[in-house]
Amino acid sequence: MKWMERTLEDIFKALGTDQEKGLRNEQAAELLRQKGFNEFEEEKKEGIGAKLMHQLSEVTTIILIIAAVISAYLAISEGHGYAEPLVIIAIVALNAVLGIRQELSAEKALDALKNMNTPTAKVIREGVLQPLHSKELVPGDIIVVEAGDLIPADARLIESANLLVEESALTGESVPSEKNARAEVKESAPLGDRFNMLFSGCLVTNGRGRAVVVATGMETEMGKIAALLNNTKKSKTPLQQRLIELGKKLSVVAVAAGAIIFGIGMYHGETIMDMLMTAVSLAVAAVPETLPVIVTVTLAFGIQNMVRKNAIIRRIPAVEALGSASVICSDKTGTLTQNQMTIKQIWAVSHKPKADTDAFLDTETELLKLFSLASNASIEKNQGEETIIGDPTETAIIRLLQAKGMNKSQLEAKYPRVHELPFDSSRKLMTTVHRTEEGYISITKGAFDRIPLDPHAACTHEHQAEANHIHDQFAEQALRVLALGYKRYDELPEQLDAAELEQGLRFAGLVGMIDPPRPESKAAVQAAKAAGIKTVMITGDHMATASAIAREIGILEEEDLAISGAELERMSDEELKQKVRDISVYGRVSPEDKIRIVQAWQANGEVVAMTGDGVNDAPALKAADVGTAMGITGTDVAKSASDMVLTDDNFATIVDAVAEGRRVYENIRKTLYFLLSCNFSEILIMIIAVALGWGLPVIAIQLLLINVVADGIPGFCLSREKMEPDAMRQKPIPKQAGIFSNGLGKKIALQAGLYTILTLAGFYVGKFVTVSDHIAASHEVGQTMAFVILGWSSVVHIFNVRSNTQSIFSIGFMSNLPLFWCAMLSIFIIFGVAVIPGMMSIFQLVSLSAVHWLIVTLLSIVPLVVVELMKLRMRANGKGA
Ligand code: ATP
């Protein structure tokens with residue numbers, strides 16, 4: 001018989017568990033040994049072989065292989081040496097190895113992310129409710145689930161309260177299914193109709209439940225279909241897509257350039273094979289093959305940095321969106337504030353407000369007891385350690401209860417809970433029903449303005465004005481206010497729903513709790529402002545409480561507006577779009593309202609980061625450009641809908657992530673600047689020299705070597721370049737900004753022109769001017785000079801691109817050490833190839849005299865001098881630091 005048909009007693013017996021106390025620790029440990037971790041087997045990764053095939057099937061690699069074949073043919077038929085084809089193959093291999101190595105390290109970084117997304121479950125073991133890594137669950141464990149949780153294993157319900165579960169991952173049905181511990185289910189029922197069962201990987205959207213785990217890991221229904229559980233999607237970012245497009249366009253340019261060279265060469269009477277070889281190599285050399293890998297590495301490195309700063313990226317395109325974020329809509333509780341609630345004030349009707357430290361009268365004690373009964377939080381002692389379970393609003397209540405010498409378990413034993421309407425952020429209320437000596441009491445706690453009072457109760461009229469006054473007084477001190485009303489019954493009412501229980505309540509009093517702002521919030525709001533990013537507070541808390549805190553941390557300024565959820569509701573979408581820029585605080589909003597706010601900003605062309613933690617936040621998180629979920633307090637539902645998870649729930653982390661996003665974007669632009677300047681100049685040099693009838697200034701294998709050694713190797717190190725000092729004083733990168741915007745295209749053209757002039761100048765001197773008594777001018781001397789100048793000036797140029805405005809002498813050559821050593825290595829390799837006899841013959845280079853070397857060195861550092869002068873002028877004009 002299957003789990004859904006068996007009786008609960010039967011199941012407990014079969015699994016050797018106790019429905020109240022759960023498993024014993026040693027029993028669970030033994031089961032874990034037998035059953036293994038509660039996790040799904042990893043999908044198989046692409047092996048090295050497949051990766052190699054992937055690399056070899058790249059168009060550029062294929063062209064290189066064709067070049068090697070042509071060169072081998074020339075070696076055989078015309079007696080050219082075998083060096084060239086071998087070098088080309090070696091370069092193909094080096095490129096593939098570099099590519100695979102980088103891909104692996106990027107993959108490792110992303111894998112590490114997956115492990116960080118491990119959820120926790122609430123488990124009862126040895127009678128203690130405790131949080132546990134979901135992967136340690138075993139059959140027989142008693143689990144508790146509530147709205148927002150991801151169900152950690154397949155389980156049979158023991159009890160349920162208004163439990164709704166979204167099972168689309170398993171059944172494809174997106175409407176949540178109503179679960180009921182008492183439902184009778186036939187074995188033949190399809191998955192979607194097994195109402196007394198919970199399935200691993202599905203999301204609780206409402207209510208609470210207790211259940212006994214019956215299957216874990218690959219034995220669960222989800223494990224059986226081994227669906228994708230790999231949350232971190234590896235989609236390409238818009239920028240990556242644009243760069244792929246750019247790569248394609250450049251290939252066309254390169255092939256066209258190759259064809260032109262071929263045509264001109266033939267006109268000048270070069271041999272077909274030589275020209276074919278040159279044309280093909282130029283085509284390859286002019287395409288920045290390493291660019292896509294460098295971009296991936298830059299993104300992966302950025303993602304790793306973000307993890308270090310407590311932001312886990314779940315969808316890679318978010319890195320880019322972060323760079324463009326212009327608005328951050330943030331929750332208050334826990335994100336801008338510490339979520340460490342402490343009750344500071346209590347007010348029982350007909351009395352004076354009391355501070356938490358004052359001696360309580362019976363009325364206040366009674367009020368506190370009622371608040372505690374209507375809370376789910378608990379503070380339990382487990383082997384001397386305190387385990388706090390529940391949300392901080394409720395823990396604050398339980399803490400005060402303890403401080404006043406009372407105990408929640410004893411209260412609950414005296415007034416057993418018979419029913420519950422769980423808290424949700426839309427109602428902003430929570431109700432529990434308890435048995436008492438006289439009958440029953442239904443207690444509702446929640447937002448003061450949502451507590452529906454009995455209009456006929458004497459105290460209501462009498463105390464309404466006073467209650468309002470006290471509430472406002474609390475809220476203006478930035479206190480979160482919780483109100484309490486109750487209702488007594490002789491008999492348990494038939495309908496135990498909100499319509500019955502949350503109507504006509506007797507008002508009992510208020511508590512005011514402080515939740516101090518995080519110490520870093522104020523500075524982070526300032527930093528965001530300096531970076532042209534508007535911070536907006538959206539909270540379920542009362543307007544007055546929200547505004548007081550918003551003012552304290554600099555979100556709500558003189559000219560800004562604070563509006564309530566009710567006012568927001570009255571606004572049309574169009575009106576909201578018009579006004580949204582002026583509104584800094586939204587109080588008493590429901591999560592459902594957040595989506596309108598996101599859309600209003602987006603309609604104004606802004607890129608929005610939005611935080612959320614609850615179940616109902618999911619749609620807004622999906623709609624935002626960077627949906628940001630809270631790692632600590634966030635529900636699994638919110639996390640699954642998000643692009644980024646904050647492991648410390650901290651607003652300041654979002655601002656740090658934005659800075660990192662900007663750094664990544666800028667470094668990709670720097671890589672483009674670096675690589676394209678060199679690639680374009682190669683095309684120009686070849687076309688101009690051949691058109692002038694000077695012959696080829698550099699030959700195929702020399703070009704290839706420059707591309708790998710002088711461009712590829714140092715290029716990778718640009719991903720580690722630090723942020724520009726003024727990056728967070730600039731406006732956000734406009735969403736539609738082209739990658740070449742802000743003068744990048746011009747800078748590339750200028751550099752490419754400069755290299756072309758310098759390389760051709762060197763080539764000209766070597767070929768036509770005899771500057772040394774020992775070595776006469778010749779085509780080969782010209783080629784050797786052109787090769788060294790092109791290689792060296794490219795390496796020198798990397799120090800130019802490291803900062804847009806700052807001098808390399810102030811940043812320091814060695815401040816990016818890997819880059820420095822890679823650059824030195826590249827300079828050395830180019831030098832070695834030009835002086836070591838064996839190498840010289842392979843690369844068809846000849847000896848140079850000291851004067852030649854002097855000229856080559858001077859010409860190679862010209863780009864540094866020119867760019868330093870340009871930066872000096874920019875700084876003098878007030879651009880940059
Ligand atoms: P933010 O959106 O800034 O994170 P929040 O998520 O805490 O704020 P809600 O959870 O919607 O906002 O809470 C709004 C109001 O609901 C609070 O001001 C409080 O009056 C009430 N409230 C919060 N938690 C509870 C609870 N556990 N039981 C009853 N009422 C609660």
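Residues are numbered from 1 along each chain as its sequence is written, and side-chain values use heavy atoms, with hydrogens and water left out. In this predicted model, local features need pLDDT of at least 70 and side-chain atom pairs count only at pLDDT 80 or more, whereas totals for chains, interfaces and linings use all residues.

**Exercise 1. Salt bridges across the sequence**

Determine how many salt bridges the model holds, and state where Lys35 and Glu219 lie.

Solution. 
1. Side chains of opposite charge can pair when their charged atoms come close. The criterion applied here is a side-chain nitrogen of Lys or Arg within 4 Å of a carboxyl oxygen of Asp or Glu.
2. Under this criterion the count is 37 salt bridges.
3. Lys35 belongs to helix α2 (residues 25-35), while Glu219 is in the loop between β7 (203-215) and α7 (221-225), 184 residues apart. Helices (H or I, at least four residues) and strands (E, at least two) are DSSP runs, numbered from the N terminus.
4. For accessibility, buried means under 20% relative accessible area, exposed over 50%, and partly exposed in between (1.4 Å probe, protein chains only). Lys35 is partly exposed because its relative accessible area is 39%; Glu219 is partly exposed because its value is 44%.

**Exercise 2. Two further pairs**

Are Glu221 and Arg194 buried or exposed? Why does the pair of Lys309 and Glu660 tie together separate parts of the sequence?

Solution. 
1. Glu221 and Arg194 meet in a salt bridge at 4.0 Å, N to O. Glu221 lies in helix α7 and Arg194 in the loop between β5 (177-178) and β6 (197-198), 27 residues apart.
2. Both Glu221 and Arg194 are buried.
3. In the other pair, the closest N and O atoms of Lys309 and Glu660 are 3.4 Å apart. Lys309 is in the loop between α10 (291-308) and β8 (311-313) and Glu660 is in helix α24 (residues 651-691), so this bridge ties together parts that are 351 residues apart in sequence.
4. Lys309 counts as partly exposed because its relative accessibility is 36%, whereas Glu660 is buried because its relative accessible area is 2%.

**Exercise 3. Domains and one interface**

Describe the division of the chain into domains and characterise the contact between domain 3 and domain 4.

Solution. 
1. Taken over C-alpha atoms, the centres of domain 3 and domain 4 are separated by 29 Å.
2. With contact defined as heavy atoms within 4.5 Å, 14 residues of domain 3 touch 13 residues of domain 4.
3. Buried area is the accessible area (1.4 Å probe) that two parts lose on being put together, summed over both. Between domain 3 and domain 4 this area is about 1000 Å², with carbon and sulfur atoms giving 48%.
4. The count between domain 3 and domain 4 is two salt bridges.

**Exercise 4. Positive phi**

Which values of phi do Ala478 and Asp649 have, and where are Ala478 and Asp649 placed?

Solution. 
1. Most residues other than glycine have a negative phi.
2. Ala478, not a glycine, has a positive phi of about 65 degrees. Ala478 is in the loop between α15 (458-476) and β17 (479-489), and counts as buried because its relative accessibility is 10%.
3. Asp649 likewise has a positive phi, near 60 degrees. Asp649 is in the loop between β24 (644-646) and α24, and counts as buried because its relative accessibility is 3%.

**Exercise 5. A buried serine**

Locate Ser794 and list the residues that Ser794 touches.

Solution. 
1. Ser794 lies in helix α27.
2. Ser794 is buried because its relative accessible area is 0%.
3. Not counting residues up to four places away in sequence, Ser794 touches Phe674, Cys678, Ala710, Asp711, Tyr755 and Ile789.

Note on methods. Domains from an automatic or database assignment.
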